[in-house]
Every structure is written in C-alpha cells, then in structure tokens.
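Colleague: Hi! Could you walk me through this one, please?

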Amino acid sequence: MKTLLCIGTLATAVAQAEVESEIPWGIEAVTGYRSELVHRGFKLADDVYDYQLETEIALSNDWSFNFSAMYATGTGKGNDYSETTGIAELRYDATNWSAGWMLGFRDFTATFFRDGWESGPFVSYRFSEDLEARAEYLYDEGGESFYGALQLSWSRALSEKSFVSVRGGVSHVEDYYGSKGFHAMDFRVSYTYLFLSNVSLTPFIGSSVALDNQADDVLLGGVWFEVTF
C-alpha cells in the first residue's frame, strides 16, 4: 500500500512491452489478499482484501498524470478495519529519471490512523532496465508530520510470461504517531505469471522491521490478481 500505488511489482521491459501493446485504455484493475496489512511501519489489520483501479494519461512526450483508487477491508477475527484511498500523481519522465508531485486522501475506519490529505514530491532514478530507486517526502495531514521513504526495486524476467521482483526500503519521520527518526525497513519478494498478455497473478511475501519502539515487526504473505484493459 504505498503502496498503492504501483501495484506492487516492477515489470521488466520485455513484460511491459507485451502488456502495454494490449492496453488500449490504459486501465489496471487489481484485487488482492494479504495476511497482514502494514502501512508505513504500523500493523493495522489481519486478513485484508483490497481492490484497486489505476490509470495513466499521457499529457505530452515527457509529462503524464496518474490516478489510482483503492478500497481495503480486514476480514479476520475482530476486524472492523477499512480504508478508502485516492492518489493523483503528476510526473515528468526523462531518459533515466522521473520526478513529480503526489496528492492523496486516505479515509480510515477502526484504526488509530486518522483521515487526511497527504502531499509531496517524489523522484526516481533508473540505473538499468531492472534496477530503480525512488525517494518521496510527504506531509501527512492525518499524522500531522512529514514522512520520507527511500526504496530500491529490482526485477528480472524468467521467461516471456513470468518475472520476479524484489523491493526494499527505509523510512524516516519527524513526529509520526509517536515515532521520530529512522522508523522502519520493508522488504518484499514477488513472482508474476502472465496467463494472458493482460491477465496476471502475483504471489508475494514481505516483512516490515521496526527501527524504533513505535513501529511493528511483521511477516506477511499475499497474492494479487491483475487485469489490464
């Protein structure tokens, strides 16, 4: 989930080219399950299902606008958790790097996280077709604090229909729900198989490791089912 963003995997150029040639409208629909929901280093719920829509609109050769929406709900014992999120990004793409501005709103139910807007800049750099770094620095209105994160993503094609992705990162906060300084590290490994050029299944495992006494240590697993059209 920030997540949400990126549907969770970094496709290789081969896989991207095959999928993009079959997406006349540029819309992605994803439904997924995860055993635990971790948002920015905090565990919020168990047995969570989420539903996502994302679209990208090219404004020029260099500029694009991306919008995503997500609804998540916890179905485990004692869970009343739900979240509704909308995120918009304006992005400039150069040869090896991208930069832009994100604006989003999150509405939470049955959690200590508070509703609110979040906004801030992001930048990414592509070292190669397989390796990319992204940094973001956001102000979270609900948390009444700035939240910064740096993530590194790597992917490799295993065949014309499958690829593996690895993502890891670290976050730093000013005063975020009682947390200050380096906050948490996250890690995820996923495997994607394309049943059709526009239909894929992605099982994954991940973890979040606390770097202070406010964040949570969590090990989780899940799966995404994605259709592009």
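Colleague: Leaving aside its neighbours within four places in sequence, which residues is S145 in contact with?

Modeller: S145 touches L138, Y139, D140, E174, D175 and Y176, where contact means heavy atoms within 4.5 Å. Keep in mind that this is a predicted model, where local features need pLDDT of at least 70, side-chain atom pairs count only at pLDDT 80 or more, and totals for chains, interfaces and linings use all residues. Residues are numbered from 1 along each chain as its sequence is written, and side-chain values use heavy atoms, with hydrogens and water left out.

Colleague: Is S145 buried or exposed?

Modeller: S145 counts as buried because its relative accessibility is 3%. Buried means under 20% relative accessible area, exposed over 50%, and partly exposed in between (1.4 Å probe, protein chains only).

Colleague: How far is the side chain of S145 from the backbone nitrogen of D175?

Modeller: A polar atom of the S145 side chain lies 3.0 Å from that D175 nitrogen.

Colleague: Okay, new topic! How many helices and strands does the protein have?

Modeller: There are one helix and twelve strands. These are DSSP runs (helices H or I, at least four residues; strands E, at least two), numbered from the N terminus. S145 sits in strand β8.

Colleague: And how much of the protein is buried?

Modeller: Of its 229 residues, 46% count as buried.

Colleague: Which residues have the most contacts inside the largest nonpolar core?

Modeller: They are L37, F42, L44, Y81, F113 and Y176, in a core of 15 residues. A nonpolar core is a set of buried Ala, Val, Leu, Ile, Met, Phe, Trp, Tyr and Cys residues joined through side-chain atoms within 4.5 Å. Two or more residues each come from β2 (42–58), β3 (63–74), β8 (145–159) and β9 (162–176). The largest share, four residues, is from β2.

Colleague: What else is there besides that core?

Modeller: A second, separate core has six residues, including V38, F204, V218 and L220.

Colleague: What does L44 touch, leaving aside its neighbours within four places in sequence?

Modeller: L44 is in contact with L37, H39, Y81, F108, T111, F112 and F113.

Colleague: Last one: where is Y191, and how accessible is it?

Modeller: Y191 is in strand β10. Y191 counts as partly exposed because its relative accessibility is 34%.

Methods: A polar contact is a pair of N or O atoms within 3.5 Å; within protein, one must be able to donate a hydrogen and the other to accept it, and residues adjacent in sequence count only if both atoms are side-chain atoms.
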